[in-house]
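Here are a few notes to read alongside the model. Please keep the structure open as you go through them.

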Amino acid sequence: VVSPHTERQVAEVAAATPADVDAAVSAARAAFDHGPWPRLDPGERIAVLRRLAALYGQRRAEMAELITTEIGAPISFAQRAQVGLPAMMMGAFCDLAESYPWREVRPGMYGADVRIRREPVGVVAAVVPWNMPQFLIVTKLIPALLAGCTVVVKPAPESPLDALLLAELLAEAGLPDGVVSVLPGDGAVGEYLVRHPGVDKVSFTGSTAAGRAVAAACAADLKRVSLELGGKSAAIVLGDADPQAVAAAVRSASLSNSGQICNALTRILVPANRSDEFTG
């Protein structure tokens, strides 16, 4: 792991091999097919993940330091966004799960005879980039775990340290063996994981080019897939907007995380009758 601050090595982690992927998917498969996690009452899974959130809160400073070290984010931004947002999302997802309609009875053609039971999809492969590593892991991992899925996480090769700390916290929170594995590795490891026949669902965040390849691989086996890919975000300025307020907001949104973020603004749409005010 090389620091963007100094361009010097700051850590060394084991790179996963295809054999490691096979082992992780096999463990996830066994934990899903035969283990307790998918069979727990949703409230029991929520309790485990609330323990995780509490442990996460105790290690926030350490997590922020790791993220600053591996990707170069200023420590203030790492504390506020890189770690603060995931901590908030853990609690928010648990709150949603408590009121989620896991089972429903609906009226059918002959009365109240339609029963809906929402079940976990199975083994999930979560592939994340380096720019917001904890936020992207948490927004994939926590909902999947709450649903009863098992997960194999593949962090970016630039940012494995925060993911490995999260793995420690998951174990400490009491997740059963095999429910979550973290496999640092390069694009070849990610491709092998995405194509693995033991994976039921892929959640990928990354470039449009890589997303096309992921979609094609999933289509071959009719795997479920979620893609969050690169794009061009627009600031849409309404007719009554204050130019000074818009300028401040656009500056902040465009430069946050050095512009390496999904809501970095690359164009501004302004009403034609006010264009002089915003470009003058």
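1. One aromatic pair turns up in a search of the whole structure. Tyr-100 and Trp-102 form this pair, edge-to-face, at 4.8 Å centre to centre with 70° between the planes. Rings of Phe, Tyr and Trp (its six-membered ring) pair if their centres lie within 6.5 Å; planes under 30 degrees apart are stacked, over 60 edge-to-face, and the rest tilted.

2. A caution before going further: this is a predicted model, in which local features need pLDDT of at least 70 and side-chain atom pairs count only at pLDDT 80 or more, while totals for chains, interfaces and linings use all residues. Residues are numbered from 1 along each chain as its sequence is written, and side-chain values use heavy atoms, leaving out hydrogens and water.

3. Is Trp-102 buried or exposed? Trp-102 counts as buried because its relative accessibility is 16%, and Tyr-100 counts as partly exposed at 39%. (Buried means under 20% relative accessible area, exposed over 50%, partly exposed in between, with a 1.4 Å probe and protein chains only.)

4. Arg-45 lies over the face of Trp-102, 5.9 Å from the ring centre. The criterion is NZ of Lys or CZ of Arg within 6 Å of the ring centre and within 35 degrees of the ring normal.
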